[in-house]
Amino acid sequence: MRLLAITDLHADLDSAWAAVEAAAPDVLLSCGDWGDPDAVSLADLEPFSERLPVYTVSGNHDPLEALAEWRNRDGSPVLLASGEVQRVGDLTLAGINGIWAKSHAKPFYVTDEEVDDVALRAAAAGCAIDILLTHACPSGVADLTWGQRHGGQRCFLRAFQTLRPRVYLTGHLHRAQEHRTRDGQVVRNVGQTPRGDATLLELRDGVLSVAPFVFR
C-alpha cells in the first residue's frame, strides 16, 4: 500500500493533484491547511475522494464546515476526529486537529489540556498507532522554522510520547524536515506541497517505509 502525505496547500489544489498524479498512491493523507473557507469549498475537495480515499486533519487555514461534511466513497469521514483511531487497510491512523493557543479565541485553537486529553483518549483505544497526523508540530523534534527557531509545542511532543506512533506527520512550518528516533520512529514535517514537498509511505510485508517525495 502506498500513501502520499501532503500539507499546507493554501488553496493551491493543483499542486495536490500534481503530487497525486506523480506518486499514484492508494491513499491520500493531509496535515491540513487546504485553504481558507472563502477560497476552498466542498465541491473543490470532493474530486480527491472520488479518486482515492483521503484522510486529513485541520489546521489554521481550512474550510472547517466543508471538512466536517466531506466523505469518502465508502461513507467514512475524511476529517479524522481528534482522539479517535481510524483503521485504513492494515494501518491505524490517529489525528489531532488545530493549532496550539492559550484560549479558544479562534475555532481552530486547541489548548494544552485538550491536546493532552485527545492523546490519552487515543491511547485508551488500546491499539498501536501506525501514523499520527497533526498540523502543529512537537517541540524540539523536526520543528525548525526557516529562521532556525523551534516552532513546535510541548503538548504535541507529549502526544507523540504518549501515542508512540511509528510515523508522525506534521505541517504548518512550510519547511520539510525529518527526525528518526533510536527506536525507529519517524517524525516528518511534510513541508509545503506547493513548493514541491510531499512524503511517500509504503507498507510492504509489515514494514512501513517513509521518504520525501519531491514531484517538481
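**Entry 1**

I take helices (H or I, at least four residues) and strands (E, at least two) as DSSP runs, numbered from the N terminus. The model is predicted, so that local features need pLDDT of at least 70 and side-chain atom pairs count only at pLDDT 80 or more, while totals for chains, interfaces and linings use all residues. Residues are numbered from 1 along each chain as its sequence is written, and side-chain values use heavy atoms, with hydrogens and water left out.

Two packed helices are described by the angle between their axes and the distance between the axes. I use axes that are lines fitted to C-alpha atoms, for helices over the stretch in contact, with angles that run from 0 to 180 degrees between N-to-C directions. I looked up helix α1 (residues 13–23) and helix α2 (residues 42–51): their axes come within 11 Å and cross at roughly 10°. The cut-offs are under 35 degrees for roughly parallel, over 145 for roughly antiparallel, 65 to 115 for roughly perpendicular, and oblique for the rest.

For contact I require heavy atoms within 4.5 Å. On the α1 side I found L13, A16, W17, V20 and E21, which meet D44, P47, F48 and R51 of α2. I sorted the residues of this contact into 6 nonpolar, no polar and 3 charged. In this sorting Ala, Val, Leu, Ile, Met, Phe, Trp, Tyr, Cys and Pro count as nonpolar, Asp, Glu, Lys and Arg as charged, and the others, Gly among them, as polar.

**Entry 2. Helix α4 against helix α5**

I next looked up helix α4 (residues 112–123) and helix α5 (residues 154–163), whose axes come within 9 Å and cross at roughly 10°. I therefore noted α4 and α5 as roughly parallel to each other. From α4, D112, V115, D116, A119, L120, A122 and A123 meet C155, F156, R158, A159, T162 and L163 of α5. I sorted the residues of the contact of α4 with α5 into 9 nonpolar, 1 polar and 3 charged.

**Entry 3. Cysteines**

How many disulfides are there? With a disulfide taken as a pair of cysteine sulfur atoms within 2.5 Å, I count 0 disulfides. For C31 the closest cysteine sulfur is that of C137, 8.9 Å away and too far for a bond. For C155 the closest cysteine sulfur is again in C137, at 11 Å, too far for a bond.

I call a residue buried under 20% relative accessible area, exposed over 50% and partly exposed in between (1.4 Å probe, protein chains only). C31 is buried, its relative accessible area being 0%; C155 is also buried, at 0%.

**Entry 4. Positive phi**

Most residues other than glycine have a negative phi. I noted H10, where phi is positive and near 50°. H10 sits in the loop between β1 (2–6) and α1, and is partly exposed with a relative accessible area of 31%. I noted A24 as well, with a positive phi near 50°, in the loop between α1 and β2 (27–30).

**Entry 5. S76**

I located S76 in the loop between α3 (64–69) and β4 (85–88). Is S76 buried or exposed? It counts as buried, at 12% relative accessibility.

A polar contact is a pair of N or O atoms within 3.5 Å; within protein, one must be able to donate a hydrogen and the other to accept it, and residues adjacent in sequence count only if both atoms are side-chain atoms. I found one of 2.7 Å between the side chains of S76 and D74. Leaving out residues up to four places away in sequence, S76 touches Y55, W70 and R71.

**Entry 6. Q177**

I placed Q177 in strand β10 (residues 177–180), where Q177 is buried with a relative accessible area of 14%. A polar atom of the Q177 side chain lies 2.8 Å from the backbone oxygen of L144, and the side chain of Q177 also reaches the backbone oxygen of R175 at 3.1 Å. Residues up to four places away in sequence not counted, Q177 touches A142, D143, L144, V187, R188 and N189. Q177 and V187 stand 10 residues apart in sequence and 8.4 Å apart in space, C-alpha to C-alpha.
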